[in-house]
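I opened a new notebook page for this structure.

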Amino acid sequence: PGHVDFNYEVSRSLAAVEGAILLVDATQGVQAQTIGNLYLALEQDLTIIPVINKIDMPAADVKKTTAEIINLIGCKEEEILLVSAKTGQGVEKIIETVIEKISPPKENSSQPPRALIFDSVYDDYKGVVASIRVIDGEFKKGDSIYLMGTKAEAEILEIGYYTPKYKPAEKLNNGEIGYVVTGLKNVSECRVGDTITGKQNQANFPLPGYKKVKPMVFAGIFPKEGDDYGALRDALEKLTLNDSSLFFEPENSKALGFGFRCGFLGMLHLDIFQERLRREFGLELTITVPSVAYKIKKTNNEEIIIHSPQEMPDRAQIESCEEPWMSLDIITPSDYVGNIMSLVQEKRGRYRNTEYLSAGAGQRVILHYEIPLASLITDFYDKLKTVSSGFASMNYEIKGYEGTSVVKLDILVAEEPVE
């Protein structure tokens with residue numbers, strides 16, 4: 001299903017297909033992120049095929065999981081397929097059901113060519129390779145193409161299918177999924193969700209749903225050894241080739257020396273990123289406590305977004321300040337509801353309502369909350385797992401900005417301000 005940080009990429013993958021398999025683990029039941037991604041699939045009008053996996057496990061509770069799925073999507077019990085990927089039981093039935101239930105693509109081959117980019121990756125030899133779903137018309141090797149969102153132009157150097165390795169072909173027809181080698185040198189010119197059309201035979205409108213993803217969480221990244229600054233900069237530039245949502249700018253700190261201020265989609269994105277810097281580039285890093293972006297309206301009506309307390313203007317110039325709020329869903333066995341409610345209250349959360357997923361013993365509930373992003377990004381997930389003995393799962397999405405009262409706290413050591 002993909003983590004909530006990469007919600008937009010998941011939504012574009014779902015926009016590239018006609019149907020989806022809803023796979024639920026029989027030992028764990030429905031998880032919060034599964035519900036978040038199910039709603040994304042339903043928004044795209046996809047045919048959903050419900051499947052329960054791991055039915056061979058001793059801890060599998062097929063009856064309870066079936067009840068949760070019926071509650072969630074309102075299907076009949078006989079429509080849910082029971083599968084064990086380990087023993088192979090029921091796998092053929094999934095393939096038959098996909099063929100039977102999921103409708104073929106619409107016939108649009110006579111229209112000007114349009115394709116949706118649902119993934120793009122940088123290859124050292126080929127340049128940027130985009131995974132595409134052809135919605136209208138067809139694309140051939142050698143065609144000149146135009147990207148409607150980033151306004152970049154390129155030529156199709158190679159086109160083909162995934163089998164799962166690259167398998168070159170002469171063209172991709174209406175309704176097919178494959179890859180295009182563009183020869184572009186930067187992933188930021190070939191963003192997920194953008195529309196590819198022909199340069200000469202241009203479509204009038206791009207496909208819906210494209211947006212530029214904005215970083216939500218900011219942290220300072222500094223090398224432990226000052227000499228590694230150049231190596232860190234090179235590593236960041238290499239990682240941005242494959243990750244267009246990453247933002248970074250140089251930052252200088254008296255305590256930590258030279259480093260970079262980086263913007264991420266969320267905490268998981270930050271974790272993956274620092275692990276890659278350590279493992280792939282062998283860098284030893286110091287990472288500052290993550291913060292969120294605040295919107296400041298100044299007394300002269302100018303609006304600015306600040307990513308760290310150092311950028312906060314003087315108190316006298318600030319008219320109002322806003323912080324990002326999230327809609328938060330937590331799924332938990334009912335025994336832990338009290339603990340979780342007090343945790344969320346402590347973190348400035350606002351209760352909305354409760355939904356019941358299943359009845360009887362070991363009943364599971366969904367708690368709906370609104371909470372500031374600043375409360376989520378430090379140790380909320382760890383504390384949630386602690387108070388629920390590891391049973392709770394959560395999913396969140398941006399709700400918007402709301403007014404808040406924040407002050408900048410300066411710390412002086414020997415009368416000198418330190419960060």
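This is a predicted model: local features need pLDDT of at least 70, side-chain atom pairs count only at pLDDT 80 or more; totals for chains, interfaces and linings use all residues.

I looked for disulfides and counted zero. A disulfide is a covalent bond between the sulfur atoms of two cysteines. The rule asks for two cysteine sulfur atoms within 2.5 Å.

Are Cys 75 and Cys 262 buried or exposed? Cys 75 has a relative accessible area of 13%. The cut-off for buried is under 20%, so Cys 75 is buried. Cys 262 has 0% relative accessibility, so I noted Cys 262 as buried too.

**Backbone**

Next I went through the backbone. Most residues other than glycine have a negative phi, and most peptide bonds are trans. I looked for departures from that pattern.

Where is there a cis peptide bond? I found one between Thr 163 and Pro 164, with omega at about -15°. Pro 164 sits in a loop.

I turned to phi. Arg 348 is not a glycine, yet its phi is positive, at about 70°. I placed Arg 348 in the loop between helix H7 (337-346) and strand S22 (350-356). Its relative accessibility is 42%, so Arg 348 counts as partly exposed.

Ala 414 also went on my list. Its phi is near 50°, a positive value in a residue other than glycine. The loop that holds Ala 414 runs between strand S25 (411-413) and strand S26 (416-418). Is Ala 414 buried or exposed? With 70% relative accessibility, Ala 414 counts as exposed, because exposed means over 50%.

**The largest pocket**

Last, I looked for empty space. Rolling a probe the size of a water molecule over the atoms shows where such space is left.

I noted a volume of about 1000 Å³ for the largest pocket. How many residues line the largest pocket? I read off 40. Lys 211, Met 216, Met 326, Glu 397 and Ile 398 lie nearest its centre.

Which of them gives the most? S24 does, with five residues.

I sorted the lining residues by type as well. The lining has 20 nonpolar, nine polar and 11 charged residues.

How values were computed: Residues are numbered from 1 along each chain as its sequence is written. Side-chain values use heavy atoms; hydrogens and water are left out. Buried means under 20% relative accessible area, exposed over 50%, partly exposed in between (1.4 Å probe, protein chains only). Helices (H or I, at least four residues) and strands (E, at least two) are DSSP runs, numbered from the N terminus. On a 1 Å grid over the protein atoms alone, a cavity is a set of points where a 1.4 Å probe fits but cannot get out, and a pocket is an open set with protein on both sides within 12 Å along at least five of seven lines; lining residues have an atom within 4 Å of a point. Grid points are joined across faces, edges and corners, and a volume is the space filled by probe spheres set on the points. Ala, Val, Leu, Ile, Met, Phe, Trp, Tyr, Cys and Pro count as nonpolar, Asp, Glu, Lys and Arg as charged, and the others, Gly among them, as polar.
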